[in-house]
Amino acid sequence: MSHLQPHLQNSTAGQRFRTAVAAGKPLLLPGAINGYSARLAQRVGFEALYLSGGGVAAAMGKPDLAVTTLHDVVEDAQRITDSCDLPLLVDADTGFGGFLNIARAVRLFSRCGVAGMHLEDQVAGKRCGHRPNKQLVSTAEMADRIRAACDARFDPDFVIMARSDALASEPMESVLERIDSYVQAGADMIFLEAAHELEEYQTVKKSCGKPLLANITEFGQTPLFTAKQLASVGVDIMLFPLSAFRAMNQAALSVYQTIWRDGSQQAEVGNMQNREDLYDFLDYHQVEKKMDALFGEENDNNKK
């Protein structure tokens with residue numbers, strides 16, 4: 001069942017994401033690792049969602065070191081868009097290959113209902129944006145990546161966001177030159193990775209004039225700025241890529257440790273979501289009623 005407001009019923013995912021960004025001030029963008037966590041976030045009241053490439057890799061038991069494929073990410077994105085109608089922004093890393101691969105990514109994400117994707121200016125053998133020794137491609141190569149993505153769109157509202165990791169190794173002047181080139185190549189929005197100071201966001205926003213995303217990930221290079229602080233320097237999107245996933249992982253570890261230690265899960269039951277709440281978020285009873293009505297009618301017909 002759709003939770004969209006009436007004026008958004010016939011809009012595309014890209015249009016809904018752009019609307020949410022414009023209204024957010026800043027838009028709070030939580031990461032969802034699967035379809036069920038997407039439902040949780042929607043019920044809370046969030047207006048859009050994010051799928052992290054690092055999260056996809058971690059959920060596969062792999063490090064965030066360019067090991068995931070396009071199909072790995074598309075599969076997870078499809079599960080989210082199938083279960084939730086919030087617009088989804090997807091981490092497309094460096095594009096999963098050359099320019100034809102980037103174009104293919106745009107088409108596949110569009111077809112499964114994704115609102116947009118971001119590309120970054122690291123080399124293909126990329127690292128997590130908050131780890132040392134990141135290597136960048138040239139400004140020209142990254143601009144070509146953006147052009148390839150924009151040219152592949154069949155929905156003009158599908159969002160192409162350019163992420164720059166250049167703050168880790170280049171002065172602000174060079175960062176601004178890079179971002180200006182990305183905007184000129186067609187980037188709709190900008191993702192400034194691993195900023196350390198609020199003023200860095202302010203400088204980039206003033207220079208590029210595009211919606212700006214701040215990645216407020218835990219245990220990284222960026223302080224945990226508040227929404228109020230980021231709004232004061234013009235940030236449009238506040239990203240929490242793995243906050244819920246990290247909490248889920250810690251909770252799961254605690255359960256495993258308790259079962260191993262005690263031979264029972266009883267000490268953890270109070271920390272668990274109960275069955276009725278699970279069914280509520282899944283609309284389980286509504287689906288069950290439809291099944292009962294359908295199969296009840298079939299059984300009646302068979303008796304005749």
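1. Start with how H4 and H5 cross: the crossing is right-handed (a crossing counts as right-handed if the near helix is turned clockwise from the far one by less than a right angle, and left-handed if anticlockwise). The two helices pack at an angle of about 20 degrees, with their axes 10 Å apart. Axes here are lines fitted to C-alpha atoms, for helices over the stretch in contact, and angles run from 0 to 180 degrees between N-to-C directions. H4 and H5 are therefore roughly parallel to each other; angles under 35 degrees count as roughly parallel, over 145 as roughly antiparallel, 65 to 115 as roughly perpendicular and the rest as oblique.

2. Before going on, keep in mind that this is a predicted model, where local features need pLDDT of at least 70, side-chain atom pairs count only at pLDDT 80 or more, and totals for chains, interfaces and linings use all residues. Residues are numbered from 1 along each chain as its sequence is written, and side-chain values use heavy atoms, with hydrogens and water left out. Helices (H or I, at least four residues) and strands (E, at least two) are DSSP runs, numbered from the N terminus.

3. Who touches whom between H4 and H5? On the H4 side you'll find Leu-70, His-71, Val-73, Val-74 and Ala-77, and they meet Arg-104, Ala-105, Leu-108 and Phe-109 of H5 (contact means heavy atoms within 4.5 Å). Sorted by class, that contact has 7 nonpolar, 1 polar and 1 charged residues. For the classes, Ala, Val, Leu, Ile, Met, Phe, Trp, Tyr, Cys and Pro count as nonpolar, Asp, Glu, Lys and Arg as charged, and the others, Gly among them, as polar.

4. H5 (residues 99-111) also meets H6 (residues 139-151): their axes come within 8 Å and cross at roughly 40 degrees. That makes H5 oblique to H6, and the crossing is right-handed. H5 brings Phe-99, Ile-102, Ala-103 and Val-106 to the contact, while H6 brings Glu-141, Asp-144, Arg-145, Ala-148 and Ala-149.

5. Gly-35, Ala-38 and Arg-39 of H2 meet Arg-79, Ile-80 and Ser-83 of H4. Here the residues divide into 2 nonpolar, 2 polar and 2 charged.

6. How many cavities of 30 Å³ or more does the structure hold? The structure holds 1; on a 1 Å grid over the protein atoms alone, a cavity is a set of points where a 1.4 Å probe fits but cannot get out, and lining residues have an atom within 4 Å of a point. About 60 Å³ of space lies in the largest cavity, a volume being the space filled by probe spheres set on the points. Its lining includes Gly-31, Ile-33, Ser-52, Pro-241 and Met-248. Helix H10 (residues 243-262) gives the largest share of that lining, 4 residues. By class, the lining divides into 7 nonpolar, 4 polar and no charged.

7. Two backbone spots deserve a look. A cis peptide bond joins Lys-25 and Pro-26, with omega about -10 degrees, and Pro-26 sits in the loop between helix H1 (13-24) and strand S1 (27-30). Asn-133, a residue other than glycine, has a positive phi near 65 degrees; Asn-133 lies in the loop between strand S4 (116-120) and H6.

Technical notes: On a 1 Å grid over the protein atoms alone, a cavity is a set of points where a 1.4 Å probe fits but cannot get out, and a pocket is an open set with protein on both sides within 12 Å along at least five of seven lines; lining residues have an atom within 4 Å of a point.
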